[in-house]
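The paragraphs below follow charged contacts through the structure and then turn to its surface. Please keep the sequence and the model side by side while reading.

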Amino acid sequence: MNSSRDWTIEETAAHLRGGDVTAVTLAEEALARIAADDEQLGAWLAVYREQALAQAHAADERLRAGDPLTTLTGVPLGIKDNFNVVGMQATAGSKILGEYVARYESTATARLREAGAVLVGKTNLDEFAMGSSGEFSGFLPTKNPWDLAHTPGGSSSGSTVAVAARHVPGALGTDTGGSVRQPSSHCGVVGVKPSYGRVSRYGIFAFASSLDQVGPLARTVRDCALLLQHIAGHDERDATSVPLGVPNYLSACGRGLDGLRIGVPREYFGEGIDPQVENAVRRAIRVMEQNGAEVLDISLPHTPYCVAAYYLIASAECSSNLARYDGVRYGARNEAADLGAMYTATRQTGFGPEVTRRILLGTFALSAGYYDAYYLKALKARTLIRNDFLKVFNEIDVIAAPVAPSPATRFGEHRDDPLAMYLSDILTISANLAGICGMSVPCGMSPQGLPIGLQLLGPAFGEEKMFAAAAAYEAIAAHEWPWPEVTA
Amino acid sequence: MSWETIIGLEIHAQLATRTKAFCGCANRYGDEPNTNVCPVCLGLPGALPVANRKAVELGLRLALALGCAIRERSIWARKNYFYPDLPKGYQISQFDRPLATGGLLPVRLKDGAVKNVGITRLHLEEDAGKSFHGEGADLTASLIDLNRCGVPLAEIVSEPDLRSPDEAWAYMKALRQLVVQLGVGKGNLEEGNLRCDANLSVRKFGEEGLRSRREIKNLNSFKFLRLALEYERSHQIAVYEAGGMIESATLLFDSARGETFVMRSKEEAHDYRYFPEPDLPPLIVVDACVAHTRKKLPELPWEIHARFVEQYALSGYDAAVLTDNAALGAYYERVAARCDAKQAANWVMGDLAALLKERALEIEQSPVGPEMLAEMIKLIEKGTISGKIAKEVLAAMADGEGSAGEIVGKQGLTQLSDEKALAALIDEVLAENPQQLAQLRAGKDRLFGFFVGQVMKKTKGQANPRAVNKLLTEKLNG
């Protein structure tokens, strides 16, 4: 459609510096692409033409003046709608936020703005980041650009599709139990969940405070590393962000596979994994082995407890984090005769079924008489799960595994079966529980033409090892599938 | 009365920090509603708390003064409930791992005895906002002011050691005094710096175990604290004596009617679903910090009291009056450093206090400085002026007429002590009043004072009363 469509972030930056395109043109082209096919895809909840152009103008000024420049200056990006971006709506994909417009900026997007990136608009998501299909947005579903009858995965469905459909070369999502990695796998893009505490959560609508992380999405490993480079680092406003220096992730991308020890956990290849997925992933591991990596069998014995621990902890924390959506100070209030009735009417109307389900589960898990048996037990299980990873990372550098048990599902396939949806999270939630880093990089296609991703997990604050493996694999494997075209 | 009263108090003290407990908003009373607010204390989506270091320091200081054991690793916890003045839908507090446990507060009771009231725990938390029901233009609306939301609090829970409303009153007074003296809080009850919830139950003397207690919330004046407890005690006893039962409940005090009433029954009690606050790491207070804070503690109120009794040979009561606030105690010590301690006590507690009260001044604003007062007292000790004249001198000093010495000199108030001169005056008075003299010699002893008065009149009050007494006695006997 327009030439900039296929450029990676790095290529975009090169063209901008080379002067053969302006940031304003890029913004216009991105907006045109969105306008052309988003009606079919539902990736964007709000696009801000004027703001985008204003940012682009400012970026062009910086490019002209030559200072200060970063690789992101002038690059159009999409932001998941659970981030606060001043002047733009922030709904978290939920009706309960009503007409809410962000009044303060999240740290992650502030850092992008400072770098000169052009934030084009807010992308769709499963409501409050709860969901793994893109079907649970409070507004409209997002579709997989590879096959519109299939879901893109979630909860960062919109950001992932915006990148896969080549509306923008990069986007930010959030990953609490796989919400960046899983849709990345289903849509054939690269998505990263940084270590817990690597990127500030200030300004992100909290879902599960001890699990949430901001994650970049793009079409190459280097582009993701670049985005992470800009947003990572300690933030005074987030007491859980870690004051560790940010290494050079781009140079880590060039390290290669020599001497890299890759662990393959037997528990991640068990029953229920689609053979196509297993084949693609094992093939990718073989490729890495043939190119210098050492592959070892490992065990993560507490894997069976991940789902239960995750759902108890995430639900408990979310039941508390979502208490503030009560119609008192902001959002859509349903007036009623008294306070209790107002709370009930507002929250019953405003929250969707999945969010309601998790709040109820979480409230129960924390309630008097049940706290010890459920929540406290889950915290203890979490420690054991975390220890599994600490132990294996003494022997290996990265873990290789599938991202999801199957490629993208059809719409409605699991919608009535919450348990089946939960089980599809099993491969990704362990990283959130353990606080380690993980990413998805494309490694294959199903016979139906749906992407399959390879998951690479690194130790906490060991993103360099993860990027090294992913970038090396990507360079070798060099998949040639053309990007999807969305036809009217 | 065969009934024993068991009372425990939970007092919330606002900490005197510049900013709120978990954000940088001003911790300030009296501003326009909803002006000291930000995304964090408004509970906007995505906002995160960051702990205020000063608040922890002040809480630690108070805990150490109370002799508490400090937990090196304490945990912040969320206390979850819905109310419009609690924007996040939860209050950040501490639950099963509080900052401090196990201390005591020495409390001086009315009869002068000292009771060591146990402290169960001290923990840190944030305050909620304020609600106003039906006070605005729309009587059916409630207004919420979130300026107070997020102000740091120390919650101090006492053991159920108090045995009467009087003791509870004395405990609250003592805790307030400590909080103010340490610089931990302002202790101004009208501004809500100190708020009290009281738990009360009764039982028969000698009975083992405690019966159900009821909690009275938001007792925010010393007067209401005492009234509410007195009412509740009588009420519970009446119920038991009529054969009824007391069930635990949460109450409020209706000050207009002087009665407590049920706000929340046991069935309606909140389940706060406490869990560790995931947005804040555990609070670590290392030994070195504890040692440093303990070392820097000022002299504590009861230590000052004990020292006053010993150093200045004061009664327990006098020492208590003089140490009621730090400024008064400091003033007194500066006076007592320069003159007789007992005299100093009498003058500070007596005439000076009365003068200040009349002029609506605090001791800090006294127009008579401690050194000035001491100089005046020394003039009395030397015999230069009488105690009676000194009262005039004090008033003159308060009016800015100069120092005691200057005033005495200017107004010629020097006491007449010269025995020869006095003897002459006495002779005059005796000669001028022969009837009274005869009556006095006949046995009407009361007339002695009359003659002293006459000498005083002749000397315009400046005669040294002791000398007059002595000389007059000699003359009458001689």
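A search of the whole structure, over all chains, finds 50 salt bridges, each defined as a side-chain nitrogen of Lys or Arg within 4 Å of a carboxyl oxygen of Asp or Glu. This is a predicted model, in which local features need pLDDT of at least 70 and side-chain atom pairs count only at pLDDT 80 or more, whereas totals for chains, interfaces and linings use all residues. Residues are numbered from 1 along each chain as its sequence is written, chains are lettered from A and ligands numbered from 1 in the order in which they are written, and side-chain values use heavy atoms, with hydrogens and water left out.

One of these salt bridges joins B:Asp279 to A:Arg201, with the closest N and O atoms 2.8 Å apart. This pair crosses between chains, running from the loop between β15 (275-276) and β16 (283-284) of chain B to the loop between β5 (190-193) and β6 (213-218) of chain A; helices (H or I, at least four residues) and strands (E, at least two) are DSSP runs, numbered from the N terminus. B:Asp279 counts as buried because its relative accessibility is 3%, buried meaning under 20% relative accessible area, exposed over 50% and partly exposed in between (1.4 Å probe, protein chains only).

Within chain B, B:Glu232 forms a salt bridge with B:Arg214, the closest N and O atoms being 2.8 Å apart. Because B:Glu232 lies in helix α4 (residues 222-241) and B:Arg214 in strand β12 (residues 214-219), the pair ties together parts that are 18 residues apart in sequence. Both B:Glu232 and B:Arg214 are buried.
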